[in-house]
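The sequence and the model are shown first, and the description follows.

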Amino acid sequence: MSGQDIRSALQLFNAAQPSGELVKDNREILVETGTYLASAADVTLDYFPGFAPLTGASGKAEFRNASVGATLAAGNVSGLGLQRGSFHMQDYKRPVFEITG
């Protein structure tokens, strides 16, 4: 499999479908649904007041309609180095978190 094959597959996978638009103050914002994959390095996630943030994180996230999942490759919480972990939330409306690591 070539790099171009992978790129083409990701572009196809990241395709979104128009779902409507939001209109306010004479501005229109297109709303799309679908699956979106992202990867990042050296990210800080300050997810809840009073909790130590995740720093220096790298990994991949998948946003699919009302759900989100992420795979952590590395990171740090309060001086504790993390080498792997995962997170999944099935529905933003009913937030139940599944965290492994």
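Where is phenylalanine 48 found? Phenylalanine 48 sits in the loop that joins β2 (27–45) to β3 (54–64); helices (H or I, at least four residues) and strands (E, at least two) are DSSP runs, numbered from the N terminus. The model is a predicted one, in which local features need pLDDT of at least 70, side-chain atom pairs count only at pLDDT 80 or more, and totals for chains, interfaces and linings use all residues. Residues are numbered from 1 along each chain as its sequence is written, and side-chain values use heavy atoms, with hydrogens and water left out.

The relative accessible area of phenylalanine 48 is 47%, so this residue is partly exposed. The classes are buried (under 20% relative accessible area), exposed (over 50%) and partly exposed (in between), with a 1.4 Å probe and protein chains only. Phe48 also belongs to a nonpolar surface patch together with Leu45, Tyr47 and Phe51, and the four have about 430 Å² of accessible area together. Such patches are made of residues with over 30% relative accessible area and no salt bridge, where like charges are joined within 9 Å and nonpolar side chains (Val, Leu, Ile, Met, Phe, Trp, Tyr) within 5 Å. The areas come from the Shrake-Rupley method with a 1.4 Å probe, and for residues only the protein chains shown count as cover.

## Overall architecture

The chain contains one helix and seven strands. Along the sequence they follow the pattern α-β-β-β-β-β-β-β. The chain has 101 residues, of which 12% count as buried.

## The largest pocket

The largest pocket holds about 900 Å³ of space. Its lining consists of 26 residues, and Leu45, Tyr47, Leu54, Ala70 and Phe87 are those nearest the centre of the pocket. Two or more lining residues come from each of β2, β3, β4 (67–77), β6 (85–89) and β7 (97–100). The greatest contribution is that of β3, with seven residues. By type, the lining divides into 16 nonpolar, eight polar and two charged residues.

Here a pocket is an open set of points on a 1 Å grid over the protein atoms alone, where a 1.4 Å probe fits, with protein on both sides within 12 Å along at least five of seven lines; lining residues have an atom within 4 Å of a point. Grid points are joined across faces, edges and corners, and the volume is the space filled by probe spheres set on the points. Ala, Val, Leu, Ile, Met, Phe, Trp, Tyr, Cys and Pro count as nonpolar, Asp, Glu, Lys and Arg as charged, and the others, Gly among them, as polar.

## The salt bridge

The structure holds one salt bridge, defined as a side-chain nitrogen of Lys or Arg within 4 Å of a carboxyl oxygen of Asp or Glu. The side chains of glutamate 62 and arginine 64 form this contact, with 2.4 Å from N to O. Glutamate 62 is partly exposed, at 26% relative accessibility. Arginine 64 is likewise partly exposed, at 39%.

## Residues with positive phi

Asparagine 26, which is not a glycine, has a positive phi of about 60°. This residue lies in the loop between β1 (16–24) and β2. Asparagine 26 is exposed, because its relative accessible area is 81%.

Aspartate 42 belongs to strand β2. Its phi is near 55°, again a positive value in a residue other than glycine. At 66% relative accessibility, aspartate 42 is exposed.

Alanine 40 lies in strand β2 and is partly exposed, at 37% relative accessible area. Alanine 40 and lysine 60 are 20 residues apart in sequence, while their C-alpha atoms are 6.5 Å apart in space.

Glycine 69, in strand β4, has 12% relative accessibility and therefore counts as buried. Its C-alpha atom is separated by 8.1 Å from that of glutamine 90, 21 residues apart along the chain. Histidine 88 lies in strand β6 and is partly exposed, at 27% relative accessibility.
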